[in-house]
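Please look over the structure shown below before reading on.

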Amino acid sequence: MDFSGILIYMRPEIALMAAIVIAFLYDLIAGSKARKFFNPLMCMVMLACVAACVISFPREPGEIFGGMFSYEPVHSVLKCILAIGTLIVFLQADKWLGREDTEFKRGEFYVLTLSTLLGMYFMISAGHFLMFFIGMELASVPMACLVAFDKYRHNSAEAGAKFILSALFASGLMLYGISFLYGTCGTLYFSDMPAHLDGSALQVMALVFFFAGLGFKISLVPFHLWTADTYQGAPTAVTSYLSVISKGSAAFVLMAVLVKVFAPMVEQWQTILWVLIVLSITVANLFAVRQQNLKRFLAFSSISQAGYIMLAVIGGTPFGMTSLIFYVLIYLAANLAAFGVISAVEQNSDGKVCMADYNGLYRTNPKLAVVMTLALFSLAGIPPFAGFFSKFFVFASAFEEGFHVLVFIALINTVISLYYYLLVVKAMFINPNDSPVATFRSDCSTRISLVLCLAGVLLLGIISSVYDGINLFSFGL
């Protein structure tokens, strides 16, 4: 075995496995006084993981383990983004993990979260359907434990049960579809399959089952039914992780597999994706208008955002891939900022997460109200915030490939989304409230995370070198 190849191409995975070992050992041996340094330690470890992704930029793509694990520069870019998002989630989870009923479970949270991230890394770099499926399960099973982490509070246990049952059903469908591919192609290697695809009925069924499996991960309609209940019942830190990190990795993997494996069936998967995009954006926007719980509100928002992300996928071009990664980066900053504000208010106001609870928030906590407003403006795609530029690029990538009607429908839905995002802004700045959320000071970790997210919302779209850098590192364009 060529161990030099492993050290070159698997630096992010090796760093992440080391992080899991560090979290496990620290949880095992640290005393009660040392445990208060658990969060700073894990944040520093995640910084090291980000650095491992940054330095893993070999000039040429490569593969190891007989082609089951592949490397492309774009993989390191996405893994770096996901590691940064996980770091921000760790910062926002500090106060929640410091509660009396969760303090003793800090180590479990970090180990489970890092395990899901490792599974996503394997999904991203998979060159074989077996490696891909193992990575997907490694990302899904610990996630169910995270969703049910607050099993004695709210609806966390119910949310975990719904998540794991839906995940098992989706995984079963995907595995069934993969078996069809193996039966008709005689191989599970991504690079070998296109030569054996002819668009037969069995292969079309396999494609549909594959969409069902990843559609669940991305929360595309009609595979979204678990999303709102799970987002509402899960701890807020877990919800933010699930809405951004999991969704971003799954969207990238979907595009990679469609382009690499199902290229001969491009007409079939573009038709399926066209329908899913329209359903996801439209249905999610209509349901989001009716929500009063902000976590359910952002659940339907994330379903809508998943539809916009798929606009970058449907063309199957390098421009679309760059737009997808850029969208995930900006979506990460905006969505984590919104969830950071929700988490801060929830932890300091006895669990208030309804929209009516945010009436008059600007009077008592103006800084948090401003951060939430800017995050929602970015999610809505209002210029000059970063979300406008990310939507522009995904719209442009789909328009360039001739999907003019689809882009027009997406633009109409953008207007609808602007309405329900402004409902939250109206509640914070205009709606009266005789007993608004009391003034409080967020903990240091939360403030750092919100500053990072706010910098992303304000600067990522304006600094064009970010988009150019993704192009350069990923494709050399």
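**Briefing on the predicted model**

His75 is found in helix 4, which covers residues 73-97, where helices (H or I, at least four residues) and strands (E, at least two) are DSSP runs numbered from the N terminus. This is a predicted model, in which local features need pLDDT of at least 70 and side-chain atom pairs count only at pLDDT 80 or more, while totals for chains, interfaces and linings use all residues. Residues are numbered from 1 along each chain as its sequence is written, and side-chain values use heavy atoms, with hydrogens and water left out.

**The chain as a whole**

- There are 19 helices and two strands in the protein chain, and the C-alpha trace spans about 65 × 55 × 45 Å along its principal axes.
- Of the 477 residues of the protein chain, 61% count as buried, where buried means under 20% relative accessible area, exposed over 50%, and partly exposed in between (1.4 Å probe, protein chains only).
- Among the contacts in the protein chain with a separation of 6 or more, 79% come from residues 24 or more positions apart, a contact being heavy atoms within 4.5 Å.
- The protein chain exposes about 18000 Å², and carbon and sulfur atoms supply 69% of it; such areas come from the Shrake-Rupley method with a 1.4 Å probe.

- His75 counts as buried because its relative accessibility is 1%, and, not counting residues up to four places away in sequence, His75 touches Ser70, Ile124, Ser125, Phe252 and Lys260.
- Asn335 has its place in helix 13, residues 318-347, and counts as buried because its relative accessibility is 0%.
- When residues up to four places away in sequence are not counted, Asn335 touches Ser243, Val244, Leu298 and Leu379.
- The side chains of Asn335 and Ser243 make a polar contact at 2.9 Å, a polar contact being a pair of N or O atoms within 3.5 Å; within protein, one must be able to donate a hydrogen and the other to accept it, and residues adjacent in sequence count only if both atoms are side-chain atoms.
- From C-alpha to C-alpha, Asn335 and Met205 are 35 Å apart in space, and they are 130 residues apart in sequence.

**Backbone features in the loops**

- Most residues other than glycine have a negative phi, and most peptide bonds are trans.
- Phe65 is not a glycine, although its phi is positive at about 55°; Phe65 is found in the loop between strand 1 (62-64) and strand 2 (69-71), and counts as partly exposed because its relative accessibility is 35%.
- Ser219, also not a glycine, has a positive phi of about 70°; Ser219 is found in the loop between helix 8 and helix 9, and counts as buried because its relative accessibility is 0%.
- A cis peptide bond with omega of about 10° joins Val221 and Pro222, and Pro222 has its place in the loop between helix 8 (201-218) and helix 9 (227-233).
- The peptide bond from Pro383 to Pro384 is cis, with omega near 5°, and Pro384 lies in the loop between helix 15 (366-380) and helix 16 (386-400).
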